[in-house]
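Please look at the sequence and the structure together, and keep both in view while you read. The paragraphs below go from one part to the next.

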Amino acid sequence: MTITLDIPDLSTIAAWIGALTGVAALLWQGFVWRRSAHRVRVKRSRSWVAFGSGGVSEELLSVQAHNIGASAVTVTGWGVSLGRRAGGLTVLHPLPFSTQLPHRLEAGAEATFYADSDGIKVSASERGKGGRDLRAFVMLATGEKVYAKRGIPLS
């Protein structure tokens with residue numbers, strides 16, 4: 001039995017190096033392109049407003065939209081999803097100290113929106129939904145809805 005080992009010629013080695021370099025460059029360009037787009041992260045929390053007189057507001061829902069991408073995007077609306085079949089609530093009249101809509105969310109910037117929690121609780125209970133079923137979202141001018149990862153804390 002004879003084993004022969006074919007040593008590739010220089011042009012074959014150069015072709016393989018060129019192919020691997022091309023694939024690596026394509027992957028890098030895809031990564032750079034993805035990072036150059038907008039990336040919005042949505043968080044929700046319970047909030048209260050403290051007044052100068054020492055008083056505190058009723059419980060509020062606050063929704064923060066943070067652009068962690070490299071390009072700007074416009075936020076056109078926000079609301080609460082009650083689940084896939086129950087629909088959602090779009091907040092048409094947020095509280096006055098909320099970020100005004102539409103809002104241009106620059107790279108690294110954040111916008112915060114507030115609504116009274118009581119109305120959301122009533123709508124959720126009418127549809128038999130709990131806090132884990134509800135998801136805060138923001139609507140972008142691109143037509144995309146970005147949801148918070150966790151449900152809304154209802155007390």
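Helices (H or I, at least four residues) and strands (E, at least two) are DSSP runs, numbered from the N terminus, and two strands count as paired if DSSP finds at least two bridges between them. Strand 7 and strand 8 (residues 145-147) pair in the antiparallel sense over three bridges, and within this pairing Met139 stands opposite Lys145 in strand 8.

Residues are numbered from 1 along each chain as its sequence is written. Because the model is predicted, local features need pLDDT of at least 70 and side-chain atom pairs count only at pLDDT 80 or more, while totals for chains, interfaces and linings use all residues, and side-chain values use heavy atoms, with hydrogens and water left out.

Strand 7 (residues 135-140) also pairs with strand 3 (residues 73-81), in the antiparallel sense and over six bridges. Ser81, which is found in strand 3, has Arg135 in strand 7 as its bridge partner. Is Ser81 buried or exposed? Ser81 is buried, with a relative accessible area of 13%, where buried means under 20%, exposed over 50%, and partly exposed in between (1.4 Å probe, protein chains only). Not counting residues up to four places away in sequence, Ser81 touches Gly87, Gly88, Asp133, Leu134, Arg135, Phe137 and Tyr147, contact being heavy atoms within 4.5 Å.

Elsewhere, an open sheet of three strands has the order 1-2-6, with antiparallel pairing. Its edge strands, each pairing on one side only, are strand 1 (40-47) and strand 6 (110-116). Strands of a sheet pair through backbone hydrogen bonds, either parallel or antiparallel. Strand 1 and strand 2 (residues 60-67) are joined in the antiparallel sense over eight bridges, and one of the bridge pairs sets Lys43 against Gln64 in strand 2. Helix 2 (residues 117-126) packs on this sheet, where it touches strand 2 and strand 6, and its direction makes about 65° with that of strand 6; the axes are lines fitted to C-alpha atoms, for helices over the stretch in contact, and angles run from 0 to 180 degrees between N-to-C directions.

Finally, turn to helix 1 (residues 10-36), in which Ile13 is found. Ile13 is partly exposed, with a relative accessible area of 38%.
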